[in-house]
Structure formats: structure tokens, C-alpha cells
Amino acid sequence: MTDTTVAAGSRAADRYENRLLVILFLSFGFVFFDRQALSFLAPYMDAEFGLSNAQLGTLSGVLALTWALAGMFAGRLSDALGRRKPILVAAVVLFSLFSASSGLMGGFAGLLAARALMGTAEGAVLPMAQSLMVEASRESRRGFNMGLLQGSSAGLLGGIVAPLVVVWIAETWNWRVAFYVTIIPGLVVAALIWRFVREKSPRTLAEAPQEQRAAAVKVPLREVLRLRNIVVCMLIACCYLTWFVTIITFTPTYLTEVKGFDPGTMSGVMTCLGVAWVLWGFATPAISDRIGRKPALIGFTVLAVCCPLAVVYVESPVLLGAIMVVTYTGLGCFTLFMATIPAETVPRAALATALGVIMGVGELAGGFLGPMVAGWASDQWGLQAAMFIAAGGAVAVVALCFALKETAPAVLRRRAAAVPDGSAA
């Protein structure tokens, strides 16, 4: 193979990497657009259904429960079949349909069923998307790409666009119409995946012999669970999902009912969370490419502890929004413990399985149980209890991070270079 042929192949792989990043960015972004819509529409739905804090937490929790189970199943199925694309297309179509169905429901039980079905479809998206992305990414851009896909996409579409669009639609028409429109972008994205995403990237095909040998070695789940980083990432996911889902579920209601903000002010403050989500979603993984996954996780999680506390203690909406931009750093960390560190820890043949298990266990504990416990505590002691529970989840993450083994390639190379026999790596 000539140098010219190799260079042309590398350029084609780079172009595909960028195209794939855009499509998967939109895919996971609209997952969070649909997931976040409930939180922003809760004040409008409450006027019709009279939802308690516990019921609101249960609606978030049941989506997390089915998301978790679907993620674990889809990850294992994908590795067994060696296929990602068909599962991803089906998941995107179904979550769009189920999200729109929430607008048809006439009570709590119907909403609960719609959210459960939506989680069943959405749970498969992240393991498939991150598995496709890591296989197409250059090593030097792995953290950056995965951060944009998982963190910034959810922040832009779920954290910035969603509160502005769904609140505007609810104010202009009603909350049901806001759910109906969510079907449109999902179907468009599904068509883009079907047309432009490949089962194997050009970069993977260039390494075909190595990939075929890796794929031939099936990795049992019990072997994946013996890896310390995987177990620690599962525990971190439980605590960080508690931080995230509790904040995003109860902050809109806290701002309107406790602080007395009008819907427009609440929407503006929540948009600041989205700005931070986009910023830290790519900045945190990119920084971790240089300084290491472990120190990045610890430093940015310390900042994340302050975010729910600011919701309780800061009265000015302008100051609160500014503090949220600085402290809502956790979503950048999600990419590290939920995708990048596992991808750098497990064999390629077990990648979707590892991602599905970490996401699934985290969603079960933090996404399902966390908001229900926070909702019950809020009914007993006030909505500030939910914010303190969220802060406690981030504190627990800081402690767990010290048990991680570093995986960033650039850091490991520097360590190996510092010790001639390579024993430090």
C-alpha cells in the first residue's frame, strides 16, 4: 500500500469521523430534548393533573428504570450480534413516537406508561452511539468527540433549546402541543442515521485484521465486572445520576413555587444550565485528554457540588444563572465515567456491554430511585431537601474518584517516558 493510498484513506476516515459526530450529536441531543421536556412542562401539567412532588419524581424515575434495563440489554445484544446501526435507528424512531404520546394522556397513569415506553427506546441510544463514535475517533480526539456527543449535545438541545422551545409552545398553545412536536426531529435524525452511518467506520476497516481478532474473542460479562475501573464507574454513575436527575427534575418547580419566579424567568435560569452543559460537555473531556481522566473528574465534581446549593441559597435570578454556568460541570464528567474511561479499559468486543451496564446501573440507582427518594423527601421537608440530596451525590463521587486507575493515553505515555522500563504505565 502506497503512502498516497494511506493518506487518502486517512482523510476519508477523518471526514467520516466528523460526519458521524454531527449525526450522533443530533441523535443524543434530541433524546435529552424529549427527556427534559417533562421537567419544563411540569408547572403547566400540574395545573391540570395536580401532580405531587413524589409523582413528579416517579415520572422521572420510571423513565430511568426502563432506560437502564434497555441500555443493559441493547449493549449486550449489540456485542453479541456485532451490529449497532439497526438498533440505533429503531431506538430513535420509537423514542420519538413515545415522547409524542405523552401529549395524549389524560392523567398520571397514562403519563407513567408513556414515560416508561419512552425510556425503553431511549436506553439503547447512548451505548450504540458511543460505541460507533469510539471506533471512528482518532486517539487524540477520543475524549473531545465523546464529550461533544454525550455532553454538549444534551446540553444544547436538552438544556438550552428545550426550555426555550417547550415553554414557548406551552405558553402559546398548551403543554400537549409541546409533546407532539417532539416527533419531528427524531424521525429526521433516524433517516440521517439510516442514510449516512456505517456499521464499520473507515478507520475500523483499515484495522480489519486486528478488529477481527478482537471481535472473535467474546468477553463474558463477569470478566467485565472484574475490572476495577468498571466497578468504580458504576458506583460513580449511581451517585452522579442522583445529582443530575434530581437537579433537572425539581429545579424548575423549586424556582417557580419556592422562589416565586415566573415561567419566563425560570426558563431563562434553566437555559443557563444548558449553556454550562454545552460548555463543560466538550471542555471537560478535552481537558482530560491532556491532564488525565482522574484529576479532571475530581476537580470538576468539586465544582458540581456547589450547583444545587446555589439553587437554595442564591435569590437573584441573574446571579443564580451565572453561578450555574460556572458550577454545572457534572455533565462534562458524565462522558468520562460513562464512556471514555470504560472504552479505554475494556476490550473492543465488550465495549457496548460495558457502556450499557454502567449506564444501566447508574440509571437504576440514581435515575430511578434518586428522584423518587428526593420527591418523597421534598413532600416531607420541602423542596430544598432534593437539592441537598443532589449535592450529597456529588460529594460521594469525589470520594469514589480516588479509586480509579488513570486511562488517558497521553498521560500514560508521559508516565512511561518518565520511567525507562515503562513500569509506571
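A residue is called buried when its relative accessible area is under 20%, exposed when it is over 50%, and partly exposed in between, using a 1.4 Å probe and protein chains only. The views below show a predicted model, in which local features need pLDDT of at least 70 and side-chain atom pairs count only at pLDDT 80 or more, while totals for chains, interfaces and linings use all residues. Residues are numbered from 1 along each chain as its sequence is written, and side-chain values use heavy atoms, with hydrogens and water left out.

**View A. Helix α5 and its buried residues.** Helices (H or I, at least four residues) are DSSP runs, numbered from the N terminus. The buried residues of α5 are Val125, Leu126, Pro127, Met128, Ala129, Gln130, Ser131, Leu132, Met133, Val134, Glu135 and Ala136. Because 12 of its 12 residues are buried, α5 is largely enclosed by the rest of the structure. From first C-alpha to last, α5 reaches 17 Å, close to the 16 Å expected at 1.5 Å a residue; the expected span is 1.5 Å times one less than the number of residues.

**View B. Ser137 in the loop between α5 and α6.** This loop joins α5 (125–136) to α6 (142–172). Ser137 has a relative accessible area of 7% and is therefore buried. A polar contact is a pair of N or O atoms within 3.5 Å; within protein, one must be able to donate a hydrogen and the other to accept it, and residues adjacent in sequence count only if both atoms are side-chain atoms. The side chain of Ser137 lies 2.6 Å from the backbone oxygen of Met133, and a polar contact of 3.1 Å links the side chains of Ser137 and Asn145.

**View C. The largest nonpolar core.** Such a core is a set of buried Ala, Val, Leu, Ile, Met, Phe, Trp, Tyr and Cys residues joined through side-chain atoms within 4.5 Å. Among its 128 residues, Leu41, Trp243, Phe244 and Tyr328 touch the most other members. Helix α1 (residues 3–49) supplies the largest share of this core, 18 residues. With contact meaning heavy atoms within 4.5 Å, Phe244 touches Phe32, Gln36, Trp277, Tyr328, Leu331 and Phe334, not counting residues up to four places away in sequence.

**View D. Aromatic pairs.** Rings of Phe, Tyr and Trp (its six-membered ring) pair if their centres lie within 6.5 Å; planes under 30 degrees apart count as stacked, over 60 as edge-to-face and the rest as tilted. The count comes to 19 aromatic pairs. In one of them, the rings of Phe144 and Phe282 have centres 6.2 Å apart and planes at 80°, so the pair is edge-to-face. Phe144 in helix α6 and Phe282 in helix α13 (residues 263–291) are 138 residues apart. Phe144 is partly exposed at 28% relative accessibility, as is Phe282 at 29%. Trp243 and Tyr328 form a stacked pair, 5.2 Å centre to centre with 25° between the planes. Trp243 lies in helix α12 (residues 228–258) and Tyr328 in the loop between α15 (317–327) and α16 (330–343), so this pair ties together parts 85 residues apart in sequence.

**View E. Cysteines.** A disulfide is a pair of cysteine sulfur atoms within 2.5 Å, and the count comes to 0 disulfides. The sulfur of Cys238 is 6.4 Å from the closest cysteine sulfur, in Cys239, too far for a bond.

How values were computed. Helix = DSSP H or I, 4+ residues; strand = E, 2+ residues; numbered from the N terminus.
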